[in-house]
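Please have the structure open as you read.

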Amino acid sequence: MSSINTLKKQILSQGELPNHIAIIMDGNGRWAKKRGLPRTVGHKYGVKAVKKVVRAAGEIGIKYLTLYTFSTENWKRPKKEVSAIMNLLYETTRRELNELLENNVRLITTGDIEALSPRRRKMLKEAIALTANDTGLTLNLALNYSGRFEILQAVKNIAVDYAKGAFKIDDIDGELFSSYLQTNGLPDPDLLIRTSGEMRISNFLLWQTSYTEMYITDVLWPDFDEKEFYRAIIDFQGRERRFGRVKRAKKSKGT
Ligand code: IPE
Ligand code: IPE
Ligand code: MG
């Protein structure tokens, strides 16, 4: 079994790093169920995995890490579970703020955080403001996020600005559209990791993942750690991204 350091060295010597990694952190409930524990305990252990992955990303110099923390559909879960997740989010941000600052991590969110309770929203906004000048890893929490909602909002706002004469129909291209998304300013993810084996996108970054490499592992999120994270990156580094083109021919000698 390779150690964390061996994997880290392999990544750094092997090739390009993904600039932006997005993760669908799934399987907390199943992890708890396997142990005869309530689902909320699974979420608690999920936070431990978050801490490991954030640290591991910062250590190798990843620029952007987006974590799918709560989808708009997740409000449909039992009230108790929803409030347990929200409390964990609040407590973790409060507790880890100093560590984020020490490690030069900039915290941002994507999604509608206005729907959170005032106390939780205030805490998040404070953490975002306090880390705003950090220049290391950008940690983006997708919170109360829906890919379809984000696209619909963009369409509405584009329509409003078009009606005001801000641009012509033909000016509406991919770049303009992206600038109306909540992820404006972030590069599209290069690598999307989903834990717990589900083969679906679950309303995550629908527009942004059009050419993202996907890595799906059966490991449940609370069991995901630095090694699993680095293994996903090594797998990514071995891929050939073609973006619709054909395989690039190898240069032959003398040509
Ligand atoms: C992911 O784990 C955490 C959130 C969606 C907030 P789940 O809670 O979805 O775990 P499973 O999929 O039920 O195992
Ligand atoms: C996706 O996981 C949302 C988050 C990880 C926050 P879900 O567990 O909600 O997704 P489905 O319901 O299995 O598609
Ligand atoms: Mg799930």
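Met214 is in contact (heavy atoms within 4.5 Å) with Leu192 and Arg239, leaving aside its neighbours within four places in sequence. This is a predicted model, in which local features need pLDDT of at least 70 and side-chain atom pairs count only at pLDDT 80 or more, while totals for chains, interfaces and linings use all residues. Residues are numbered from 1 along each chain as its sequence is written, chains are lettered from A and ligands numbered from 1 in the order in which they are written, and side-chain values use heavy atoms, with hydrogens and water left out.

Met214 has its place in strand E6; strands (E, at least two residues) and helices (H or I, at least four) are DSSP runs numbered from the N terminus. Between Met214 and Phe243 there are 14 Å, C-alpha to C-alpha, and the two are 29 residues apart in sequence. Thr217 lies in the loop between strand E6 (213-216) and helix H8 (226-237). With neighbours within four places in sequence set aside, Thr217 is in contact with Arg194, Thr195, Ser196, Gly197 and Phe224. How exposed or buried are these residues? Buried means under 20% relative accessible area, exposed over 50%, and partly exposed in between (1.4 Å probe, protein chains only).

| Residue | Relative accessibility | Class |
|---|---|---|
| Met214 | 42% | partly exposed |
| Thr217 | 9% | buried |

Now to helix H4 (residues 79-102). Its 24 residues should span 34 Å at 1.5 Å a residue, and the end C-alpha atoms are 35 Å apart, which agrees; the expected span is 1.5 Å times one less than the number of residues. H4 has a kink of about 50°, centred on Glu96, where the bend is the angle between axes fitted to the seven residues ending there and the seven starting there. Among the buried residues of H4 are Ile85, Leu88, Leu89 and Glu96. The buried residues pack against helix H3 (39-60), strand E2 (64-71), strand E3 (106-110), helix H5 (118-130) and strand E4 (138-145). Just after H4, Asn104 takes a positive phi of about 65°.

How do H3 and H4 cross? Their axes come within 10 Å and cross at roughly 30°, with axes fitted to C-alpha atoms over the stretch in contact and angles running from 0 to 180 degrees between N-to-C directions. The contact includes Val47 and Lys51 of H3 and Ala84 and Leu88 of H4.
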